[in-house]
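Work through the exercises below with the structure open. Each task is followed by a worked solution.

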Amino acid sequence: MKSMYMLTTSQQKILKTVHLISVSLWLSNVITLLFLPIISRNIASGDELYMYNVIYHFIDMFLLTPAAILTLITGLIYSIFTKWGFFKQGWLIYKWVVTLIIIITGTFYLGPMVTKLLEIADAKRIMALQDQYYLQGETIGIYAAIINAFLLITAIAFSAYKPWKNINK
């Protein structure tokens, strides 16, 4: 898809800066959600468990999600209004696939699960630690953070090294 309007060099630098900041925030929050359960293992009361889930939910919904969406939007602007396009480079295809998979999975599965875990912690307090859905959700959250961190770090590395250049040649 080629746009009639192309960003100037100055506009591209601004866009790149916003894109790098947003992906940095996205990855930082994924890593935070990976380590938060590990450092929260000594929770002793229902109020502590509930507050832990409030914090986890806040990070996921109000820090990580906006950063992921901003990364998607800046990537979309890059693809439309610069020479990079969507499918000219293999490394860009990887970045698009990873971004969309993570955002779709987060939106329709992980986000609702995090909200449900917060509701369980609110209703059951310390007894949430006996709830099978809650325990399974915590485990899924850790694995999702590991996978997402790996995929995002790989996407960042691909941006730097740009493997699979010019697949259309």
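Predicted model: local features only at pLDDT ≥ 70, side-chain atom pairs only at ≥ 80, totals over all residues.

**Exercise 1.** Classify the pair formed by the rings of Tyr-52 and Tyr-56, and state whether each residue is buried or exposed.

Solution. Step one is the search of the whole structure, which finds seven aromatic pairs. Step two is the geometry: the ring centres of Tyr-52 and Tyr-56 are 6.0 Å apart and the planes are at 50 degrees, so the pair is tilted. An angle under 30 degrees would count as stacked and one over 60 as edge-to-face. Step three is the position in the chain: Tyr-52 and Tyr-56 are four residues apart in helix 2 (residues 46-81), which means that about one helical turn separates them. Step four is accessibility: Tyr-52 has a relative accessible area of 7% and is buried. Tyr-56, at 11% relative accessibility, also counts as buried.

**Exercise 2.** Describe the aromatic pair of Phe-86 and Trp-96, and locate both residues.

Solution. First, the geometry: the pair is tilted, with 5.4 Å from centre to centre and 40 degrees between the planes. Next, the location: Phe-86 is in the loop between helix 2 and helix 3 (90-124), while Trp-96 is in helix 3, ten residues apart. Both Phe-86 and Trp-96 are buried.

Technical notes
Residues numbered from 1 in each chain as written. Heavy atoms only, no water. Phe/Tyr/Trp six-rings, centres within 6.5 Å; stacked < 30°, edge-to-face > 60°. Helix = DSSP H or I, 4+ residues; strand = E, 2+ residues; numbered from the N terminus. Buried < 20%, exposed > 50% of the residue type's maximum accessible area, 1.4 Å probe, protein only.
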